[in-house]
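Welcome, and thanks for taking a look at this one. Here is a short briefing to read alongside the sequence and the 3D view.

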Amino acid sequence: MKAMLKISGVENLSVVDYEGYLAMTLFTSNCNMRCPFCHNSELVLNKVSTTYSLEEIEELLKKREGMIDAIVISGGEPTLDEDGLIELISLIKKYAYKIKLDTNGTNPKILRYLIENKFIDYVAMDIKNTFEKYPLTIDIVNPPYLDKIKESISYLIKQETIEYEFRTTLIDEFHSYDDIRYITSSMLKGAKKYRLQKFVDNENCFYSGLHEIPYEVALKMKKIAREAILDSELRSY
């Protein structure tokens, strides 16, 4: 069966999506979460009419050879279509790009497959909140995949052959000092890298009225995070 991964957005040049590299970011449609603070609500709901074919993506890959270092696959949630994701990555691997995958961690099976077969070079996994507060933070009552997320966390922490990071977008209404302490000291115990990201409200978010965590508070959260994960930094502050 022909894979049907829907690529609905392209950012031709990013200096923030893959630390240390110039990257092109591909955005896939569909997601199994409904985070109120998500900037890509139209992608999540599959309401973007634009679709890039693999042939069009390959043309972009050719044009940018020598201009960028890496390709970031983001979303939405790219791992929802396993066959399509593998097909896309197989195409990218024809060229000399590093490949970074952004994921919410709900599909540990494909994550393990991609890493063990050396399909990707870097994984950024979103940690939305403490497990107790996941339903609030992703706006889904009784999410069925928390065990899958735990499995992905455990798998990544044990990795020695691939670079990875865990990251949390800080929302004033959702995150406290105690939440960051629990996330880093318990949920992510043994992790190597953690990023606390600044939230910026815009018209594409699912809900309006949410607020960024002030810089001074974020600094204290970083200090708390560093008690458990030394390589903890703020991003975009």
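In this predicted model, the side chain of arginine 181 makes a polar contact with the side chain of aspartate 178, at 3.2 Å.

- Arginine 181 is a residue of helix 7, which covers residues 177–187.
- Its relative accessible area is 36%, so arginine 181 counts as partly exposed, a class that lies between the 20% limit for buried and the 50% limit for exposed.
- Setting aside neighbours within four places in sequence, arginine 181 is in contact with Ser186, Ile224 and Glu227.
- Between arginine 181 and valine 16 there are 26 Å in space, C-alpha to C-alpha, and the two are 165 residues apart in sequence.

**Helix 3 against helix 4**

- Two packed helices are described by the angle between their axes and the distance between the axes.
- For helix 3 (residues 82–92) and helix 4 (residues 108–116), the angle is about 20° and the axes are 11 Å apart.
- That angle makes helix 3 roughly parallel to helix 4, because angles under 35 degrees are classed that way.
- The crossing of helix 3 and helix 4 is right-handed.
- On the helix 3 side, Glu82, Leu85, Ile86 and Ile89 make the contact, and they meet Lys109, Ile110, Tyr113 and Leu114 of helix 4.
- Sorted by class, the contact between helix 3 and helix 4 has six nonpolar residues, two charged ones and no polar ones.

Methods
Residues are numbered from 1 along each chain as its sequence is written. This is a predicted model: local features need pLDDT of at least 70, side-chain atom pairs count only at pLDDT 80 or more; totals for chains, interfaces and linings use all residues. Side-chain values use heavy atoms; hydrogens and water are left out. Axes are lines fitted to C-alpha atoms, for helices over the stretch in contact, and angles run from 0 to 180 degrees between N-to-C directions. Helices (H or I, at least four residues) and strands (E, at least two) are DSSP runs, numbered from the N terminus. Angles under 35 degrees count as roughly parallel, over 145 as roughly antiparallel, 65 to 115 as roughly perpendicular and the rest as oblique. A crossing is left-handed if the near helix is turned anticlockwise from the far one by less than a right angle, and right-handed if clockwise. Contact means heavy atoms within 4.5 Å. Ala, Val, Leu, Ile, Met, Phe, Trp, Tyr, Cys and Pro count as nonpolar, Asp, Glu, Lys and Arg as charged, and the others, Gly among them, as polar. Buried means under 20% relative accessible area, exposed over 50%, partly exposed in between (1.4 Å probe, protein chains only). A polar contact is a pair of N or O atoms within 3.5 Å; within protein, one must be able to donate a hydrogen and the other to accept it, and residues adjacent in sequence count only if both atoms are side-chain atoms.
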